[in-house]
Amino acid sequence: MADSNTIGGNSLYSGQGRNALTGSTASTYNTGALRRKYNFGNYVSELALSQDPFFRFLSMVSKKATDDPTFKFTEKRSSYTKRYAYMSDFSTAAISIPATDPSTTGTPAAGNVYTFSFFTDYNNDGNMQNIYGQAVDYYEGAEGTQPKFFIPGQIIKIPHGSTAANADAGTVSGYSLWKVNSVDLDTLPESSSAAATGVNKAVVNATCVKGSGSAVFFTNAVASSDITDDSAAGLAYDATVTTTTKSSEFMESFKCYVVGSAHGVGTGYPETWADQPYSTNYGQTQIFKTSAVMNNTDRATVLKYEGNEWARIWKEKLIEHKWDIENALLFGSQATTSGVNTTEGAVNFISTYGNSFSLNTATKTQDSFLDDLSAMLDPRYNNAGSTVFFCSTAVYNWLHKLSGYFANNIEISPNYRADFSIAGKKKVFGIDITTISTVYGDMNVARNVHLDGTNVKMLGINMKYAAYRPLVGNGINRDTSVYVGVQTLENSGVDRRVDQILTEAGMEWCCPETHALWT
């Protein structure tokens, strides 16, 4: 019987295979007699494509070998988009320790000299940031939150509100511009006011360039270990309200940005600052095994429907092996238990470190979903071009219904436009992909049945920052391989054939702010 599961015209099960050394001459060696393995690492993802889309994408675009089962890697985040800070305190005089109450109104006018203290909500070693839906790690006074980028000659833009309530809620009524005169990065002593503590802050003496008649500065936007509160009753981060990070869109109101520099004619070169954009992380490989066993009498028996039962079993076992890998790459958790390594899955990584949103198909609106996308796809650190959205069947249907609403319910004319609509369908590496056009770029959506029956509705994975890492080294490839004729020593004389499919590989996950999960 002809075997339909072939690669390059050669059966996986017939004992014939293409010569891997020459790439052209087909051999007729019997695989059982050779007792050799055949490496299927580049081909196993082609089996039953629609069942395991995540593994398929990783195999085609994000596979890179590792020569260590516990592998380290480096993440790099740009610094130029991180040149912002939050005001902690200010003084209307050129003093060293600002200690003005946050509700105090300033009246900055051109030529006034103020002193400000600033902090950030990211770590200046690696530029690691707070992430939407996760607990706040970086806040006023936390280690690594001292701004290092302030230098004399810079112009900084400082937003303000018109009332204390406006300042608490982040309602911007205007801004002032200030030219930096001097910067003090030394750790300041404690003061009587907890808000005026100078630990991990930058003290900036600046002259007003553009003033304002009345200004309530936005201070303590990320206070203590607290987090964002968008009500007028509290500061931007308030532990009594919530314990998760708000979107960067909301926090924009509180940020003081560098907006250029200004120097006199004939002056010398300015000072500079050194950033540290790198951080490190690690992952580990996991060993997957699947066996196929059959006695030789059964192997020689021709059956009805599918005459070669051994060939049928082999096909099913390869698909089973791939199915197990897909589940591990989605739901695994990195750990070492009794000497056995497991690798990190998408759900555990993103739910612990990445953007976290909610999605109830009965109540979620298009507007709310676009808010989620705006938080995830901030062009300062993420983009839609490399992101694939893997969703459950229910959400897959919901997205199609939502994006098809205009076409099905509104008469389309040149005067109407839909910013959330299906732009087309295509196959990418054999996977059915629906392209949905949004104001934040095209969404590439794939159905993933492994998410059905779980609380995970959708995963948005930036494939640039996720990699499948098979173990390869010293001439040994531990990517998916078939080891034929495997027998234990005590059972080596048993009249049967035992083959084994083995994969040793793990996941590398970078930059959690570029990934998202909807539950």
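Residues are numbered from 1 along each chain as its sequence is written, and side-chain values use heavy atoms, with hydrogens and water left out. Because the model is predicted, local features need pLDDT of at least 70 and side-chain atom pairs count only at pLDDT 80 or more, whereas totals for chains, interfaces and linings use all residues.

The chain has 10 helices and 31 strands; helices (H or I, at least four residues) and strands (E, at least two) are DSSP runs, numbered from the N terminus. Of its 519 residues, 48% count as buried, a term that denotes under 20% relative accessible area, with exposed set at over 50% and partly exposed in between (1.4 Å probe, protein chains only). Among contacts (heavy atoms within 4.5 Å) with a separation of 6 or more, 73% involve residues 24 or more positions apart. Helix α8 (residues 366-376) is mostly covered, eight of its 11 residues being buried. These are Gln 366, Phe 369, Leu 370, Asp 372, Leu 373, Ser 374, Ala 375 and Met 376.

The structure holds 28 aromatic pairs. Rings of Phe, Tyr and Trp (its six-membered ring) pair if their centres lie within 6.5 Å; planes under 30 degrees apart count as stacked, over 60 as edge-to-face and the rest as tilted. Tyr 84 and Tyr 257 form a tilted pair, 5.7 Å centre to centre with 55° between the planes. This pair links distant parts of the chain, since Tyr 84 belongs to strand β7 (residues 84-91) and Tyr 257 to strand β16 (residues 256-261), 173 residues apart. Tyr 84 and Tyr 257 are both buried. A further tilted pair consists of Phe 389 and Trp 518, at 6.2 Å centre to centre and 55° between the planes. Phe 389 lies in strand β21 (residues 387-391) and Trp 518 in strand β31 (residues 516-518), so the pair ties together parts that are 129 residues apart in sequence. Phe 389 and Trp 518 are likewise buried. One aromatic cluster is formed by Phe 90, Tyr 114, Phe 116, Phe 118, Phe 149, Phe 150, Trp 178, Phe 217 and Trp 273.

Charged groups also sit over rings, the criterion being NZ of Lys or CZ of Arg within 6 Å of the ring centre and within 35 degrees of the ring normal. The charged end of Lys 82 sits over the ring of Tyr 122, 5.9 Å from its centre, and that of Lys 210 over the ring of Tyr 175, 4.4 Å from its centre.

Strand β17 gives the most to the lining, with four residues.

A search of the whole structure finds one cavity of 30 Å³ or more. The largest cavity has a volume of about 250 Å³, where volume is the space filled by probe spheres set on the points, which are joined across faces, edges and corners. Its lining comprises 23 residues, of which Tyr 84, Gln 129, Ser 248, Lys 255 and Tyr 381 lie nearest the centre.

Conventions. 1 Å grid on protein atoms, 1.4 Å probe; cavity = no way out; pocket = protein on both sides within 12 Å on 5 of 7 lines; lining within 4 Å.
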